[in-house]
Amino acid sequence: MRYKVVIFDLFGTLVPYLCKQEYENMLEEMTASLSISRNAFQKLWDDTFAERARGVFPTIESNILHICEVLRIKPDRAQIEAATRRRIEFIRRALAPREDAVEIIRRLKSSGRKIGLISDCSCEVPLLWKGTPLSELINEAVFSCEVLLTKPDPQIYLLACNRLSVSPEDCLYVGDGGSDELGGAAEVGMSPVLIRVPGEDTGDGYRMNAGEWEGQTISALSEVLPLIFDY
Ligand SMILES: [Mg+2]
């Protein structure tokens with residue numbers, strides 16, 4: 001069997017890129033709730049992405065409180081709750097799968113293959129995961145903030161393989177290239193593929209660099225199928 005497992009990235013891969021305008025709106029409303037300077041908050045929010053992804057902040061409230069402490073601002077509980085709700089709402093919307101994601105995953109699974117997910121993400125994602133249509137379809141979801149590892153650390157890929165009882169050589173890895181995830185996947189022996197959907201809003205609030213990628217590239221999730229099946 002060609003590739004026993006397909007492992008997907010989440011943002012920019014199974015779900016579309018985080019829309020820049022929605023990200024801006026989220027920051028605007030979070031900072032309004034906290035009565036805090038938008039620019040000062042955004043800098044610290046963006047600067048703490050890596051810590052969020054590594055699980056340094058176990059809750060979104062703790063991340064907000066940390067930033068407020070740095071800025072020497074003391075919001076009350078209601079303000080923090082309002083900002084947290086706004087953030088969670090943003091991520092809830094961001095977790096809506098691409099139109100064809102469910103169908104493609106079902107097709108892959110119907111051939112007896114397992115599906116994995118490796119995402120560099122903060123604590124809202126595992127919190128909301130069970131409410132998404134993807135959660136029941138994915139055999140193993142590895143969230144960086146839960147395992148305290150981020151891509152491209154080889155250990156995060158090997159952890160996914162371990163949970164899926166598969167060798168890296170039997171895995172196709174599909175991602176939009178953030179966090180040098182494709183290089184990391186290749187390094188452990190997986191077969192990496194870059195997904196770049198034409199015309200998509202690439203103004204991600206976080207990081208977008210696919211870097212120089214000369215390997216296999218697809219422009220839609222459906223193009224995974226010919227990499228797996230002979231037609
Ligand atoms: Mg991504």
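Predicted model: local features only at pLDDT ≥ 70, side-chain atom pairs only at ≥ 80, totals over all residues.
Leaving aside residues up to four places away in sequence, Leu227 touches Leu172 and Val193. The C-alpha atom of Leu227 is also separated by 8.6 Å from that of Arg2, although the two residues are 225 residues apart along the chain.

## Strands S4 and S5

Strand S4, made of residues 171-175, pairs with strand S5 in the parallel sense, and four bridges join them. Within this pairing, Tyr173 stands opposite Pro192 of S5.

Strand S5 consists of residues 191-195, and because four of these five residues are buried, the strand is largely enclosed by the rest of the structure.

## Helices H4 and H5

Two packed helices are described by the angle between their axes and the distance between the axes. For helix H4 (residues 60-70) and helix H5 (residues 77-94), the axes come within 10 Å and cross at roughly 120 degrees, so H4 and H5 are oblique to each other. The crossing in which H4 passes H5 is right-handed.

On the H4 side the contact is formed by Ile60, Glu61, Ile64 and Leu65, which meet Ile80, Ala83, Thr84, Arg87 and Ile88 of H5. Sorted by class, the residues in this contact of H4 with H5 are six nonpolar, one polar and two charged.

Technical notes:
Residues numbered from 1 in each chain as written. Axes fitted to C-alpha atoms, helices over the stretch in contact; angles between N-to-C directions. Helix = DSSP H or I, 4+ residues; strand = E, 2+ residues; numbered from the N terminus. Parallel < 35°, antiparallel > 145°, perpendicular 65-115°, else oblique. Left-handed = near helix turned anticlockwise from the far one by under 90°. Contact = placed C-beta atoms within 7 Å. Nonpolar A, V, L, I, M, F, W, Y, C, P; charged D, E, K, R; others polar. Buried ≥ 20, exposed ≤ 12 C-beta atoms within 10 Å, placed from the backbone. Pairing = 2+ DSSP bridges.
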